[in-house]
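Subject: Structure for you to look at

Hello,

Here is the structure I said I would pass on. My notes on what was found in it follow below.

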Amino acid sequence: MIRYGFRVILVIILVALLLRACLVKDVPPKTGTTKSGLTDIVNIDYPLPKNVTINGVDYLQSQAPVGTFGGELISSTIGEGPKTFNPFNCKDNTSQIMSSIMYDGLLTSDPVSGQPVPKLAKSFSISPDGKTYTINLRHGVKWSDGKPITADDVVFTWRDIIFAGLGDTSTRDSLVIDDKLPQVRKIDNYTVEFTTPKPYAPFIRMLSTPIAPKHVFAPAAKKSAAYFDTFMGTTTKPEDFVISGAFKIKEYIPAQRVVYVRNPNYYEINTKDQKLPYLDKLIYLIVGDLNNEVLKFEAKELDVISLQGSKVARYKSVEPHSDFKLYNLGPNTGTMYLSMNLNNRKDPKGKYYVDPIKQKWFQNENFRRAVDYSVDRKNMVLNIANGIGAPLFTPESLNSIFLNKNLKPYDKNLNKSRELLKKSGFYTDKKGKLYDKEGNRVEFDLYTNAGNTEREAIGIMVKQDLEDLGMKVNFKPIEFNSLVNKLVSTFDWDMVIMGLTGSPLEPNGGKNVWLSDGRLHMFNMRTPSEGKAKILPWEKELDEMFTKGALATKFEDRKKYYDRYQEIVYSEKPFIYIYSPVIIVAIRTKFKNIYPSPLNGITHNIEEIYIGE
Amino acid sequence: MEALKYIIKRIIQTIPLLIVVSLISFFIIRLSPVDPLAELKLNPSISPVTVEKERQRLGLDKPIIVQYGKWAYSFVRGDLGITSNGERVSQKLKERIPNTLLLTSIVILLTWLVGVPLGIIAAVNWKTPFDRILTVLTSIGMAIPSFFFAVLLLLFAVKTGWFPIGGLTSPNFADMSFGGKFLDIAYHLVLPVFVLFTISLAGLQRQMRGNMLDVLDSDYVKFARAKGLSEFSVVYKHALRNALNPMITLLGFEFAGLLSGAALTEYVFQYPGLGRLILEAVLKSDINLVMASLMMGAVMLILGNLIADILLIITDPRIRVKS
């Protein structure tokens, strides 16, 4: 009996110790530890390639140090692997990466400033009225099969693929201005002109869309749209690809890897006039999950890996005596947020999507601000992202060139929350439970997608923070696809933690989210038949900012509109932003010419990377 | 002749069974709140027109019963349809089935070659230290969950660097000679085979040992011993033949597991087999792919049982008399 009791005590002590270890909430952040070196975002002085003409051929000349040829770089992609290699059919990120390796666009973005710079084009100019874009192509550059790249290819790509609505029509749909599409016109063999019906600033970013070889794609484009959807898919033979990029596919083995080899016809050379790329092979392993990716990196099967916050401290401590180096690429371009359902309309059957009692809370801006002030972002960065992250308050990500820097961050402030709630008639009883004006207990569901450990952890901390205010939160992680169904189809949710991907260069991509009739206007989603029903005043202003922002041409003018949109979101809190994880990448030190860029990633100059001693 | 009639009868019986299986699976998948287009819908750069186009292409705008009818019609004609990415399901399966078959057939072959003799030896040497040690080892084998064991072995591979971290071939596989290719695949197969082998060996050895003990305890074995037959002929001629009958039924199940038995292990080892494909398909409700795999599983199970029954008819005269 005594022994039994002893065991029970032992177990209790153990559990207590474990719990203590888990609760780091009150532990102050360590200063001057191994992490300190990581807080500095990489500073790059990337020498931009220049145009040179040799024997009538307009090459792009790399200004980075000259390297040695040969070798391979092994990277990875998580998930199922590419679904197509046709750059005009990509509806997922992996397919897009895999096909953009092979097809260059006319322009690309400067890895430092994010401004558009020529790539496949030699140069470009925009007319003073902001409607005409003139593109000059390189003379003498060739497709991988030796045929010249000319204006015909550019006109074909834009007119017969993109504007004709083949494949994924998203690029086309986003370019419809006043029901009109831009015009594309061949001036001569090496000059193309685009004309937009109105000045439309986001168009310049669209010019980084890949260009297709006309002699290969034209027969497919003439057949049906359904045929085009399967064209250059995963079962196409590697020798059938004709490409313009630095690397060409050599083999695709489902669920294992994609292997690329160097394109001998690539148009970039080094300062010794040797043709790039340096590497013979570029390999992407298809791995199922993050854990497997980490194991593969540690077993040296991978050369480069993007690390999660929890892994960084350990990697940092072994970095000095290892064969890899860590780079801090700054905040992620995605955003993570907490949102309430502001929907106050009825479904076709006459039933409210959201319980009318809850509607009153979520519609109340004091309630939303109170929730915002109770969220302890710093603590979340510390505990969930292991300190590798930064609190977020704006819809634009922290590395966005359009970020409104006047919107100041603030700390958790429960007193302010309570004050705001009191102002709107909420009160707490003796036990600290929160009730609204009419005496209804404040209780609602909080959803996120199960399996995403980061969001689940945030959910638990948000629940704790809100329960400090006396709210009752039922936290329910559910399967991703079911959650999206709730958000965009059935609208039967109260509060959710989600994330969205964004672009640090072009806020206009967010119009699906912010326009009041947008397809991802999640916090107040309207069905197509509802149009802009019951629009809130600040929603109306957001609509205006997005419309004006897209039509303005000067960066300074656009910045004004997008600053205002961030201000509205900052004060009205349709989305309560939480934090941005910081991207930390590890790459083997044997690779040289590494110029990591917070905007374009670590291997944006893959053709210049070589293996040194 | 009797046997042939029996087989035909059995095959005809499977048809309503398959219809019921397909109906239940189809409706469960379609009625679950999983949105097959979720990923597209949540991508800000995908336009509503594209989403709508996808919905029509996948037939999601039609009532479920119509969707089922369409699926069943093409299934009966031997067309498995296309996946949600627009690839042919048959093509997808064709890519993966050989890999899974390679893994599972090696495992089944090994377990039977090792497990059955071990079971016999353990039974013959009942309650000796040898038997006890084997019992402990097989208990451990049965108790370890396969995915956990697989993760342990992966960590082992990382620490020692002796084995690859999953997969089936090395990145430079295409440039290898034939012998090199063979060795490369064998090298990648060691760990997954070891996991599956340990786990199924434990079950099989115990089953065989139990059967053998039952038989060794029966009257006719006692009689054979009393008659003065040599121990060898008692065990291997009289007891073993009878003890093998239940194993034949087991073999039928093993056949069903050929394509679906290794899913968890495949997933942990990132093995490019059916398991990973089907799991990913289920998660995004890729109906044609999931249905194809479910129907395949059902057919394999029915076939396995049928084969086992036929083998039993051949080996066991008692069943022949009954049928």
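**Two helices in chain B**

Helix 7 (residues 146–160) of chain B packs against helix 8 (residues 178–216) of chain B at an angle of about 145°, and their axes are 10 Å apart. Please keep in mind that this is a predicted model. The crossing of helix 7 of chain B and helix 8 of chain B is right-handed. On the helix 7 side the residues in contact are Ser146(B), Phe149(B), Ala150(B), Leu153(B) and Ala157(B); they meet Leu191(B), Phe194(B), Val195(B), Thr198(B) and Ile199(B) in helix 8 of chain B. Sorted by class, the residues of this contact are eight nonpolar and two polar, with no charged ones.

Further along chain B, Asn242(B) sits in helix 10 (residues 231–243). Asn242(B) has 18 C-beta neighbours inside 10 Å and therefore counts as partly exposed; the cut-off for buried is 20 or more.

**Where chain B touches chain A**

The contact between the chains involves 39 residues of chain B and 46 residues of chain A. On the chain B side, the elements giving two or more residues are helix 2 (38–41), helix 3 (48–57), helix 5 (89–124), helix 7 and helix 13 (274–283). Helix 2 of chain B gives the largest share, four residues. By class, the chain B side has 19 nonpolar, 12 polar and eight charged residues.

**Chain A overall**

Chain A contains 18 helices and 26 strands. Its radius of gyration is 27 Å, which agrees with the value near 25 Å that a compact globule of 613 residues would have. Along the principal axes, the C-alpha atoms of chain A fill a box of roughly 85 × 65 × 45 Å. Of its 613 residues, 46% count as buried. Among contacts in chain A between residues at least 6 apart in sequence, 69% join residues at least 24 apart.

**A four-stranded sheet in chain A**

One open sheet in chain A has four strands in the order 6-7-9-8, paired antiparallel. Strand 6 (121–126) and strand 8 (183–188) of chain A are at the edges with a single partner strand each, so one side of each has no neighbour in the sheet. From one strand to the next the twist averages 20°. Within the sheet, strand 7 (residues 132–137) and strand 9 (residues 191–195) of chain A run antiparallel and are joined by five bridges. In this pairing Thr134(A) stands opposite Glu193(A). Helix 3 (residues 151–162) of chain A packs on the sheet and touches strand 7, strand 8 and strand 9 of chain A; the direction of this helix makes about 170° with that of strand 8.

**A hairpin in chain A**

Strand 1 (residues 50–54) of chain A is hardly covered, as the count of buried residues among its five residues is zero. Strand 1 of chain A runs antiparallel to strand 2 (residues 57–61) of chain A, and five bridges join them. Ile54(A) stands opposite Val57(A) in strand 2. The hairpin of strand 1 and strand 2 of chain A has two residues between the strands, and Asn55(A) takes a positive phi near 50° there.

Regards

Technical notes
Residues are numbered from 1 along each chain as its sequence is written. Chains are lettered from A and ligands numbered from 1 in the order in which they are written. This is a predicted model: local features need pLDDT of at least 70, side-chain atom pairs count only at pLDDT 80 or more; totals for chains, interfaces and linings use all residues. Axes are lines fitted to C-alpha atoms, for helices over the stretch in contact, and angles run from 0 to 180 degrees between N-to-C directions. A crossing is left-handed if the near helix is turned anticlockwise from the far one by less than a right angle, and right-handed if clockwise. Two residues are in contact if their C-beta atoms, placed from the backbone, lie within 7 Å. Ala, Val, Leu, Ile, Met, Phe, Trp, Tyr, Cys and Pro count as nonpolar, Asp, Glu, Lys and Arg as charged, and the others, Gly among them, as polar. A residue is buried if 20 or more other C-beta atoms lie within 10 Å of its own, exposed if 12 or fewer, and partly exposed in between; C-beta atoms are placed from the backbone. The radius of gyration is taken over C-alpha atoms; the globule rule is 2.2 Å times the number of residues to the power 0.38. Two strands pair if DSSP finds at least two bridges between them.
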